[in-house]
Each structure stands twice: as structure tokens, then as C-alpha cells.
Amino acid sequence: QVQLVESGGGLVQAGGSLRLSCAASGNIFSINAMGWYRQAPGKQRELVARITGGGSTNYPDSVEGRFTISRDNAKNTVYLQMNSLKPEDTAVYYCNADVRTTLYSGLRSYWGQGTQVTVSS
């Protein structure tokens, strides 16, 4: 089994910054892409940032230039640095990882439990 545990959420004023962390643990052989998604009340879950095993990143226009995703492969951890936060960034943020549990197994997608980010105006 694989677990993803997020941390770093909280309440911040508009214009402020937060850094989210997500550590993967358990039966891990390798991790391919890792990412962050968010879901606001009444809305669908959406991609916030994604990083491949090789370090390539992609962001939607809504966060481009404000958010930065990074990873520490030795620690199986992915980070999301969020700057210039806006009230519309308020949501539950979820970590995602595509994990291979053995050399011969396929990739399986795992999710964290989510961490609340609230940006006040």
C-alpha cells in the first residue's frame, strides 16, 4: 500500500504565500509524475501543477507565474510553493502520484487526503 500525506495548508491573506508538502511512503519501487490538484466547493477538481520524473513541469494559466512545483526524489516528496495568493485560490488541495510498486507492475495513481487552503480578501 502507498500513502500520500499532505501538510502546509492554512489561512493566509491575499497576496501572501504558502508552501505545501506531500510525502509518499509505503510499498514504492518508483514514482513517475507527481502533481497537485484542487477542488473548491461546488466545483470540479482541477489540475494546479504537475511534475514528471524528469522534472518537466506544467501549470494552468490561472497559477502560471505564481505557483512553483518541485520534488525531492530521495524523499519521495513533492512541494508546491504558492505566492501572490488570491481568494479564488481557496480550495482543498490534493497531492497525486503515479507509483510503481514493483519493477514489473504498472503505474497506479494515488491521492492524498487533502489539505485546506483559505485565502482571505
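Guide: In this predicted model, a strand (E) is a DSSP run of at least two residues, and strands are numbered from the N terminus.

Visitor: Why is Arg-66 called buried?

Guide: The relative accessible area of Arg-66 is 11%. The term applies to values under 20%, and therefore Arg-66 is classed as buried.

Visitor: Which residues does Arg-66 touch, apart from those up to four places away in sequence?

Guide: Its contacts are Gln-81, Met-82, Asn-83, Ser-84, Leu-85, Lys-86 and Asp-89.

Visitor: What makes Arg-66 and Asp-89 a salt bridge?

Guide: A nitrogen of the one side chain and an oxygen of the other are 2.8 Å apart. The limit between a side-chain nitrogen of Lys or Arg and a carboxyl oxygen of Asp or Glu is 4 Å, and therefore the pair qualifies. The two residues belong to distant parts of the chain, 23 residues apart: Arg-66 is in the loop between E6 and E7, and Asp-89 is in the loop between E8 and E9.

Visitor: How many salt bridges are there by this rule?

Guide: The count comes to four. One of these joins Arg-38 to Asp-89, with the closest N and O atoms 2.9 Å apart. Arg-38 lies in strand E4 (residues 30–39) and Asp-89 in the loop between strand E8 (77–82) and strand E9 (91–100), so this pair ties together parts 51 residues apart in sequence. Another salt bridge is formed by Glu-46 and Arg-38, whose closest N and O atoms are 2.7 Å apart.

Visitor: How do you know whether Arg-38, Glu-46 and Asp-89 are buried or exposed?

Guide: The cut-offs are under 20% for buried and over 50% for exposed, with partly exposed in between. Arg-38, at 6%, is therefore buried, and Asp-89, at 0%, is buried as well. Glu-46, at 36%, falls between the two cut-offs and is therefore partly exposed.

Visitor: Which residues are joined into one network with Arg-66, whose relative accessible area is 11%, by salt bridges that share partners?

Guide: Arg-38, Glu-46 and Asp-89 are joined with Arg-66 into one network.

Visitor: Which members of the largest nonpolar core touch the most other members?

Guide: They are Trp-36, Leu-80, Met-82 and Tyr-93, out of 30 residues. Strands E1 (2–7), E3 (18–26), E4, E5 (46–51), E7, E8, E9 and E11 (115–120) each supply at least two residues of this core. The largest share, five residues, is that of E9. In soluble globular proteins, nonpolar side chains tend to be buried together.

Visitor: What does Met-82 touch, not counting residues up to four places away in sequence?

Guide: Its contacts include Leu-18, Leu-20, Phe-67, Tyr-93 and Val-117, and Arg-66 is also among them.

Visitor: Which residues form a nonpolar patch on the surface?

Guide: Phe-29, Leu-103 and Tyr-104 do, with about 410 Å² of accessible area together. Leu-103 is found in the loop between E9 and strand E10 (108–111).

Visitor: What makes Cys-22 and Cys-95 a disulfide?

Guide: Their sulfur atoms are 2.1 Å apart. The limit is 2.5 Å, and the pair therefore meets it. A search of the whole structure finds one disulfide. The link is left-handed, with -80° about the S-S bond. Cys-22 in strand E3 and Cys-95 in strand E9 are 73 residues apart, and the pair thus links distant parts of the chain.

Visitor: Why do Cys-22 and Cys-95 count as buried?

Guide: Buried means under 20%. Cys-22 has a relative accessibility of 0% and therefore counts as buried; Cys-95, at 0%, does too.

Terms used. Residues are numbered from 1 along each chain as its sequence is written. This is a predicted model: local features need pLDDT of at least 70, side-chain atom pairs count only at pLDDT 80 or more; totals for chains, interfaces and linings use all residues. Side-chain values use heavy atoms; hydrogens and water are left out. Buried means under 20% relative accessible area, exposed over 50%, partly exposed in between (1.4 Å probe, protein chains only). Contact means heavy atoms within 4.5 Å. Helices (H or I, at least four residues) and strands (E, at least two) are DSSP runs, numbered from the N terminus. A nonpolar core is a set of buried Ala, Val, Leu, Ile, Met, Phe, Trp, Tyr and Cys residues joined through side-chain atoms within 4.5 Å. Patches are made of residues with over 30% relative accessible area and no salt bridge: like charges are joined within 9 Å, nonpolar side chains (Val, Leu, Ile, Met, Phe, Trp, Tyr) within 5 Å. Accessible areas come from the Shrake-Rupley method with a 1.4 Å probe; for residues, only the protein chains shown count as cover.
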